[in-house]
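Student: Can you walk me through this model? Keep it quick, please.

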Amino acid sequence: MTAPDLSWRRRGACAGDPDAMDAMFPEGVGVYVTNAYRTAAARWCHGCPVRLECLRYGVAAERTEAGRHGVWGGLSPVERANPELVATRLALLESQRARRRVVMAVGGEGGT
Ligand code: SF4
């Protein structure tokens, strides 16, 4: 089995920010600290260019690794336990990504 490609993490809004890691992966708290997770997600994840990759990775990783913890792709552990919410968020992020590709292909928002 090959190791997953995690190069996208370098482009994350939280990359290299120790405050982000402390906020998104707090020590000694349960998965239900939703306000803390929501605050972290709002501060770093909103508008993050790799949110799609991050959510995909987080959902896949928690199926194989120990437990569900932290913020991935802007969703808290409790939110990621809801398959419908995850599917809806992934579809939205994929749609946004596809739209950005089209906009770039035609030369930006003002392109013709
Ligand atoms: S979506 Fe959030 S947790 Fe994931 S890389 Fe971006 S800022 Fe970090």
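**Helices, core and ligand shell**

Tutor: The protein chain has five helices and zero strands. Helices (H or I, at least four residues) and strands (E, at least two) are DSSP runs, numbered from the N terminus. This is a predicted model: local features need pLDDT of at least 70, side-chain atom pairs count only at pLDDT 80 or more, and totals for chains, interfaces and linings use all residues. Residues are numbered from 1 along each chain as its sequence is written.

Student: What pattern does the protein chain follow along the sequence?

Tutor: The pattern is α-α-α-α-α.

Student: And how much of the protein chain is buried?

Tutor: Buried residues make up 20% of its 112 residues. Buried means that 20 or more other C-beta atoms lie within 10 Å of the residue's own, with C-beta atoms placed from the backbone.

Student: Switching to the ligand. Which residues come nearest?

Tutor: Gly12, Cys14, Cys45, Cys48 and Cys54, out of 14 residues around the ligand. A residue counts as near if its C-beta atom, placed from the backbone, lies within 6 Å of the molecule.

Student: Which helices each supply at least two residues of that shell?

Tutor: α2 (34-45) and α3 (51-64). By class, the shell has 10 nonpolar, three polar and one charged residues. Ala, Val, Leu, Ile, Met, Phe, Trp, Tyr, Cys and Pro count as nonpolar, Asp, Glu, Lys and Arg as charged, and the others, Gly among them, as polar.

Student: What about the largest nonpolar core? Which residues touch the most other members?

Tutor: Ala40, Ala41, Val71 and Trp72, in a core of 13 residues. The elements giving two or more residues to this core are α2 and α3. α2 gives the most, with five residues. Such a core is a set of buried Ala, Val, Leu, Ile, Met, Phe, Trp, Tyr and Cys residues joined through C-beta atoms within 7 Å.

Student: What does Trp72 touch?

Tutor: Cys54, Leu55, Tyr57, Gly58 and Arg80, not counting residues up to four places away in sequence. Contact means C-beta atoms, placed from the backbone, within 7 Å.

Student: Which residues of α3 are buried?

Tutor: Arg51, Glu53, Cys54, Leu55 and Gly58. What covers them includes α2, α4 (77-80) and α5.

Student: Last one: α5. Why does α5 lie largely in the open?

Tutor: Of its 23 residues, the number buried is one, so α5 lies largely in the open.

Student: What follows α5?

Tutor: Gly107, whose phi is positive, near 100 degrees.

Notes. Buried ≥ 20, exposed ≤ 12 C-beta atoms within 10 Å, placed from the backbone. Contact = placed C-beta atoms within 7 Å.
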